[in-house]
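The notes below are meant for a colleague opening this entry for the first time. Please read them with the sequence and the model side by side.

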Amino acid sequence: MEFVISLWAFFQNNILTKPEFFVGFIVLLGYILLKRPFYEAFAGFIKATVGYMILNVAAGGLVGNFRPILAGLKDRFNLTASVIDPYFGQVAAQSAVNSIGRSFSMMMMVLLVAFVFNIVLVLLRKITKVRTVFITGHIMVQQSSTALWMVLFCFPHLQDPSVVVMLGLLLGTYWAVASNLTVEPTQRLTEGGGFAIGHQQMFGIWATEKIAMRMGGKHGKTGKKLEDLRLPGFLSIFNENVVSTSLLMLAFFGTIIGILGKDLMQKIDPGFSSTQNFFFYMMSKSFNFAVFVCILQLGVRMFVNELTESFQGISNRLLPGSVPAVDCASSYGFGSPQAITLGFLFGALGQFLAIIGLMVFKSPVLIITGFVPVFFDNATFAVYANKAGGIKPAIAIPFASGIIQVLGGAFAAWYFQTSQFGGWHGNFDWDTVWPVFGVLMKNFQYVGLGAVLIFLLAIPQIQYFKNKDTYFLIAEDYDAYLEKIAAKQAAS
Amino acid sequence: MLKVIAACGSGMGSSQIIKMKISKVFKEKNIDINMTHSSIGEAKTQAGGVDVVFCSMALTNNFEKAKESGTIIVGLKNLLSEQEIRQKIEENVIGKTKTPC
């Protein structure tokens, strides 16, 4: 008996509570189950483990880089600050989970339970009406991280196994139901492209199409489209992740550091040497954020690679006829490049205005624009809006979304206390529906959780009852769907 | 062996999905490839030295320079359509690459 206990203790201390090895062994096990050669499985183990360790280095770097600035803001203005970006959010969630002494390995277990539950919901599609499997690996990691902290925040006394099961069910339901909402808009956008969106703004995509159709369709026709619009060429530099992240960080942190002033920064930040010019200090501090985001992405890419590949294999093998829910950027080929740039620009405009608003009204949390939500969410909305309603909604919706992202993100960073660690998830669904889920769970505990689950599971039922005859057809055979709709219109 | 890059905005999601589909098509054709996926920024710096770059149609204008050096740039409309990838490989890639395949 003693032997078993010490074996368990060994397992718990070295693998279960060390996310890097836990992730590595999951990948190893997956490859062995898929009957890959041993050397490939071993390489997968190394890549996943090293990838996670790289991620840890980046997370530490981000937090360390942020610390003097947060301290300065606290000291001078009694403010906290959060970058609304899923990478910063993931780091903040990880720091928050570790700060209360819980193991972040749960994130990985939650992810697996949620993925399995998503598949179960699709297998039971006759009853659940769910058609989509969420397979975007890096998003699943980010969402599992943030949601794990939310659940620990709402249910602080819950034991680890219960946390994993409960959150796994909740997140799996969200992945299934929300990506299922994007089937119709995406099939219409892509004219039968055969995929759905599994990302961070799925409720947003659904709402965008509804609103854009109403805005553009006043005269029974859709409005003017974006295709003829010419935009200045310099905007293309924003296509590059590193450039846009660095510029955004320089704009925001440069301003903040400038306001805090040279003397205060020199006092707080031991990294600021007396020989360094203030402007160059500002620049290197700001660019450092881009550096750590790049490292973080490298790490995530390394261990998520292995996941995404096997997830796609599993969903193809287990669920023929189901729709894969993938990265929102998959929709960009179906929109004009102008829509993408314009969505980003007006989203950024909305965010900046809302940030000024927060400062004017003395919000305790200062919000800093992160690249991922302002670009990917709003560009996606612009693409869908342009298709459904033309130029007007393609400008108005990203603008409104920018405002919502900042206000929702500020509320969430304050309410869930991740602003102490400098970040919040920040993508559209995590500034809207998820904070509401969190507030319900915090205040009504299991009743709140039940309400959220019932709400989510009811959505595909409502979708189904509205269009019983074409609900599955639109996902399976778009041409047949169009014929059926045309025949229906001809008959009426 | 052909050097091939799949590129997307952040080098995370969609480039990996097309990478899997592209690899499958080249395998069918019995063409040996060395395939990576990356962000547009990274791909831009490497594009001159590879044979083919795949990316979303919306992003092909990032690779004008590489095109001049003989790299084939394939813009995809539907990143998930194996059919489109196969057709574009047959029409634009096979027999036209810097490295003979």
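Two strands are said to pair if DSSP finds at least two bridges between them. The model discussed here is predicted.

1. With that definition in hand, strand E1 of chain A, residues 80-84, can be followed to its partner E5(A), to which it is joined by 5 bridges, the two strands running parallel. Within this part of the chain, A:Val83 stands opposite A:Ile368, a residue of E5(A). Strand E5 of chain A covers residues 365-369, and because 4 of its 5 residues are buried, it is largely enclosed by the rest of the structure.

2. Turning to chain B, one finds 4 helices and 4 strands, and their order along the sequence follows the pattern β-α-β-α-β-α-β-α. For 101 residues a compact globule would have a radius of gyration near 13 Å, and the 12 Å of chain B agrees with this. The C-alpha atoms of the chain fill a box of roughly 30 × 30 × 20 Å along the principal axes, and 50% of the 101 residues count as buried.

3. The 4 strands of chain B form an open sheet with parallel pairing, in the order E2-E1-E3-E4. Strands E2 (33-39) and E4 (72-76) of chain B stand at the edges and have a single partner strand each, so one side of each is left without a neighbour in the sheet. On average, and with direction ignored, neighbouring strands of this sheet are turned by 20° against each other.

4. Within that sheet, strand E1 of chain B (residues 2-8) pairs with E2(B) over 7 bridges in the parallel sense, and B:Ile5 stands opposite B:Thr36 of E2(B). Helix H4 of chain B, residues 82-93, lies across strands E3 (52-56) and E4 of the chain, running at about 155° to E4(B).

5. How many residues does each chain give to the contact between chain A and chain B? Chain B gives 25 residues and chain A gives 27 residues. On the side of chain B, the elements that give two or more residues are helix H1 (14-28) and helix H2 (40-46), and H1(B) gives the most, with 4 residues. By class, this side of chain B has 11 nonpolar, 13 polar and 1 charged residues.

6. The largest nonpolar core has 173 residues, and those with the most contacts inside it include A:Val110, A:Leu148, B:Val53 and B:Phe54. Leaving aside residues up to four places away in sequence, A:Val110 touches several residues, among them A:Leu148, A:Val164 and A:Leu171.

Methods:
Residues numbered from 1 in each chain as written. Chains lettered and ligands numbered in written order. Predicted model: local features only at pLDDT ≥ 70, side-chain atom pairs only at ≥ 80, totals over all residues. Rg over C-alpha atoms; globule rule 2.2 N^0.38 Å. Buried ≥ 20, exposed ≤ 12 C-beta atoms within 10 Å, placed from the backbone. Contact = placed C-beta atoms within 7 Å. Nonpolar A, V, L, I, M, F, W, Y, C, P; charged D, E, K, R; others polar. Core = buried A, V, L, I, M, F, W, Y, C linked by C-beta atoms within 7 Å. Axes fitted to C-alpha atoms, helices over the stretch in contact; angles between N-to-C directions.
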